[in-house]
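Here is a short briefing to read alongside the model. Please keep the sequence and the 3D view open as you go.

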Amino acid sequence: MTFAGLDGRRYPVAVERFGIEAPDETSAGPLHASWGRPDAGAEQAYAFLVEALESGPDGLDRRGRALAGYLAGCLAADGTDLLRVTVAARPGAPALDDELHLLVRSGKTTTRLALAPLPATSANEETEYRIACVTTLLGEFLRINNVDAVTFDVTFGTHDIDLNVAAPDAAFRAGWAGDGHWLIAEDSDDETDDVLWALDAASLRAALTQSEQNMIEASRAQSLIWEFDFTTPEAPGDELVSWLARELLTTIVTKTTGSSQTPPLLAYAKNFPLESVLAGEGDSCLLLVGAQRTALVHVSG
């Protein structure tokens with residue numbers, strides 16, 4: 001048996017088997033792991049993932065450990081045994097020491113996880129890929145019901161409005177034509193559904209902080225683990241949803257302003273901080289404006 005790799009087939013040269021201990025009945029599997037506490041069934045897979053990720057050029061931070069915990073929980077869920085397969089790029093070639101291949105057997109199914117260095121990509125491809133991964137995972141934690149999840153749709157645009165003026169908000173309001181759906185509110189009496197309201201820098205920070213807290217609490221509320229109390233969680237803490245929210249914001253800001261350390265010049269929003277959308281009521285929207293680019297984030301339940 002061979003495996004598909006990023007640059008061709010992979011040929012097994014050695015296999016190690018490990019039994020998977022069934023987690024106790026209070027475990028919520030992958031969600032439990034996302035809190036930084038992989039269940040007993042995922043501990044061996046978690047150890048392999050941490051070892052592989054720590055050997056990378058950027059090492060492994062607290063955020064990466066939370067992600068490894070969730071990934072290990074997903075892989076080991078309902079599994080009976082774990083196989084670590086050492087592979088080569090071709091028959092008789094030396095084993096590849098920068099790839100990790102894990103197999104989990106569960107009844108009649110087998111799940112494979114392959115971890116390998118990412119090929120070089122353009123900045124745009126990396127941004128799109130990162131946003132797609134982050135928003136997909138957020139949807140796993142922020143579910144409205146058994147079928148529907150909260151979705152995040154991110155659209156980038158450009159503008160040619162000079163914001164280096166005394167009143168950048170007025171200049172942007174006058175020059176931005178909207179995106180065909182969302183418009184900026186004209187005055188305090190505007191009650192149109194699809195309008196965005198201006199946020200100053202302090203209001204934006206407060207809204208994002210509260211949104212992160214709301215997302216953590218919404219994801220915890222779905223858990224089947226009762227040994228935890230539901231006090232206000234530390235942010236970012238070990239909860240993966242917190243790190244995902246920050247990663248999404250950082251990626252969007254970097255694309256919009258050119259640097260994660262450069263805040264947007266202007267911000268407009270509807271239904272922020274996130275609260276009603278997490279309960280499946282309506283939608284939310286956030287528009288961030290840089291010197292030349294815009295980012296529109298539509299959050300829907």
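Predicted model: local features only at pLDDT ≥ 70, side-chain atom pairs only at ≥ 80, totals over all residues.

A pocket is found on a 1 Å grid over the protein atoms alone: it is an open set of points where a 1.4 Å probe fits, with protein on both sides within 12 Å along at least five of seven lines, and its lining residues have an atom within 4 Å of a point.

Residues are numbered from 1 along each chain as its sequence is written, and side-chain values use heavy atoms, with hydrogens and water left out.

**Terms for the elements and classes**

- Helices (H or I, at least four residues) and strands (E, at least two) are DSSP runs, numbered from the N terminus.
- Residue classes work like this: Ala, Val, Leu, Ile, Met, Phe, Trp, Tyr, Cys and Pro count as nonpolar, Asp, Glu, Lys and Arg as charged, and the others, Gly among them, as polar.

- At least two lining residues of the largest pocket come from each of helix 2, helix 3, strand 3 (81-88), strand 4 (100-106), strand 5 (109-115), helix 4 (123-141) and helix 7 (240-257).
- Sorted by class, the lining of the largest pocket has 29 nonpolar, seven polar and twelve charged residues.
- For the second largest pocket there are 33 lining residues, with Leu204, Arg205, Leu208, Leu249 and Val253 closest to its centre.
- Helix 6 gives the most to the lining of the second largest pocket, with eight residues.
- The lining of the second largest pocket divides into 23 nonpolar, six polar and four charged residues.

**How the helices pack**

- Axes are lines fitted to C-alpha atoms, for helices over the stretch in contact, and angles run from 0 to 180 degrees between N-to-C directions.
- Angles under 35 degrees count as roughly parallel, over 145 as roughly antiparallel, 65 to 115 as roughly perpendicular and the rest as oblique.
- A crossing is left-handed if the near helix is turned anticlockwise from the far one by less than a right angle, and right-handed if clockwise.
- Contact means heavy atoms within 4.5 Å.
- Helix 2 (residues 43-54) and helix 3 (residues 62-76) have axes that come within 9 Å and cross at roughly 140 degrees, so helix 2 and helix 3 are oblique to each other.
- The crossing of helix 2 and helix 3 is right-handed.
- Ala45, Tyr46, Leu49, Val50, Leu53 and Glu54 of helix 2 meet Arg65, Ala68, Gly69, Leu71, Ala72 and Leu75 of helix 3, a contact with nine nonpolar, one polar and two charged residues.
- For helix 4 and helix 7, the axes come within 10 Å and cross at roughly 150 degrees, which makes helix 4 roughly antiparallel to helix 7.
- Helix 4 and helix 7 cross in a left-handed way; the residues in contact include Ile131 and Leu138 of helix 4, and Leu244 and Leu248 of helix 7.
- Helix 3 and helix 7 pack with their axes 9 Å apart, at an angle of about 125 degrees, and are therefore oblique to each other.
- The crossing of helix 3 and helix 7 is left-handed, with Arg62, Arg63, Ala66, Leu67 and Tyr70 of helix 3 meeting Leu240, Trp243 and Glu247 of helix 7.

**Loop details**

- Phe272 and Pro273 are joined by a cis peptide bond with omega about 10 degrees, and Pro273 sits in the loop between strand 9 and strand 10.
- Asp78, in the loop between helix 3 and strand 3, has a positive phi of about 65 degrees although it is not a glycine.
- Pro264 lies in the loop between helix 7 and strand 9, and its C-alpha atom is 5.1 Å from that of Gly290, 26 residues apart along the chain.
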